[in-house]
Amino acid sequence: MMFLQGLSEYINANAPMSNLPELLSLHHSNPLGLHPIAIPILLLVLAVAMHVTTYRIIKYDKRNLYPLLYTLVGLAIVSTYYYCFSDDLPLFEDVDLHRKEISVGWFCQRDIVGLGWSLLGELLLTYVVYSFMTSLMQLVGKLSDAMGMTEKEWMEWQPVIFVMLLGVSVAGVADVFAPITGVWIMLVYQTVMVLMIVAKTVHDIVGTHKPWRCLFVGLCFLVGIEAVTMLAVECIEGNIYFFIPVVFIFTTVSVHYKKKQDK
């Protein structure tokens, strides 16, 4: 109870809705000295590369491209965490807290870059999130197949994505009208996501009797989906009403992984 009371006081005082890094207050000083636009551009390039690689794997059964896809997704995850936890990003004026806050999605903020650039940034970031998500699910399918799982078992990861997208959307809408409520919704969907990942991992361990492999897959998915979540939050933060319909596109993300014997 003391923990919840302390958390409630912190949320009411700080309303850290903008993203998970704000909630955790874990930032670094950009030791590489990168320009704020550098990593978003890198993520866009990686998204195109992941999209093309995933397409070739699915369409032409290019299994020899999986090492490349692992590398691209790994780079995207590392780049996302480095960028989102940097304190060397443009600031925006938080009207609720009456102070300036770090803006991870500054290129989607009309007050910072203008309406035209913010809409372009929104579209490109949406593409990055979609490409990132499909590539992550493709790799989960590959790892799951290596453990002898069926397609139905691979797709059991999809509800986690649905909870994330629904939670991000609802929290984003709530943040416009009631920031404190938005923070609590964010905490709830994050908790539900983690519990679902833990439950799925335990279920896989019981079914496959391969605990270390299942833990590895679960950890990879958790790290990857949190990176995607941080970017998805910024899609909402920039132009919230523009992004909501795109959520329905995201919910159609599926894996088209082919088992080896299907060749």
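What pattern does the protein chain follow when it is read along the sequence? Taking helices as DSSP runs of H or I with at least four residues and strands as runs of E with at least two, numbered from the N terminus, the answer is α-α-α-α-β-β-α-α-α-α-α-α-α, which comes to eleven helices and two strands.

Before I go on, a word on the basis of all this. This is a predicted model, in which local features need pLDDT of at least 70 and side-chain atom pairs count only at pLDDT 80 or more, while totals for chains, interfaces and linings use all residues. Residues are numbered from 1 along each chain as its sequence is written, and side-chain values use heavy atoms, with hydrogens and water left out.

Let me begin with the chain as a whole. Buried residues, meaning those under 20% relative accessible area, as against exposed at over 50% and partly exposed in between, with a 1.4 Å probe and protein chains only, make up 49% of the 263 residues. If we take a contact as heavy atoms within 4.5 Å, then among contacts with a separation of 6 or more, 74% come from residues 24 or more positions apart. The accessible surface, computed by the Shrake-Rupley method with a 1.4 Å probe, is about 12,900 Å², and carbon and sulfur atoms account for 69% of that area.

Now to the interior. A nonpolar core here is a set of buried Ala, Val, Leu, Ile, Met, Phe, Trp, Tyr and Cys residues joined through side-chain atoms within 4.5 Å, and the largest such core holds 60 residues, of which Tyr83, Phe132, Met164, Tyr189, Phe221, Ile225 and Leu231 touch the most other members. At least two residues of this core are supplied by each of helix 3, helix 4 (66-84), helix 6 (115-146), helix 8, helix 9 and helix 10 (211-238), with helix 10 giving the most, at twelve residues. If you look at Leu231 in particular, and leave aside residues up to four places away in sequence, you will find it touching Leu43, Thr80, Cys84, Leu125, Val128, Val129 and Phe132.

Helix 3 covers residues 38-60, and its 23 residues reach 33 Å from first C-alpha to last, close to the 33 Å expected at 1.5 Å a residue, the expected span being 1.5 Å times one less than the number of residues. After helix 3 comes Asp61, whose phi is positive, near 55°.

Asp61 also takes part in a salt bridge, by which I mean a side-chain nitrogen of Lys or Arg within 4 Å of a carboxyl oxygen of Asp or Glu; its partner is Arg63, at 3.2 Å from N to O. Arg63 is buried, at 18% relative accessible area, whereas Asp61, at 22%, is partly exposed.

Glu156 is partly exposed, at 30%, and Lys200 is buried, at 7%. Lys200 also forms a salt bridge with Asp204, at 3.0 Å between the closest N and O atoms; these two residues both lie in helix 9, four residues apart, about one turn of the helix. Together, Glu156, Lys200 and Asp204 are linked in a network of salt bridges.
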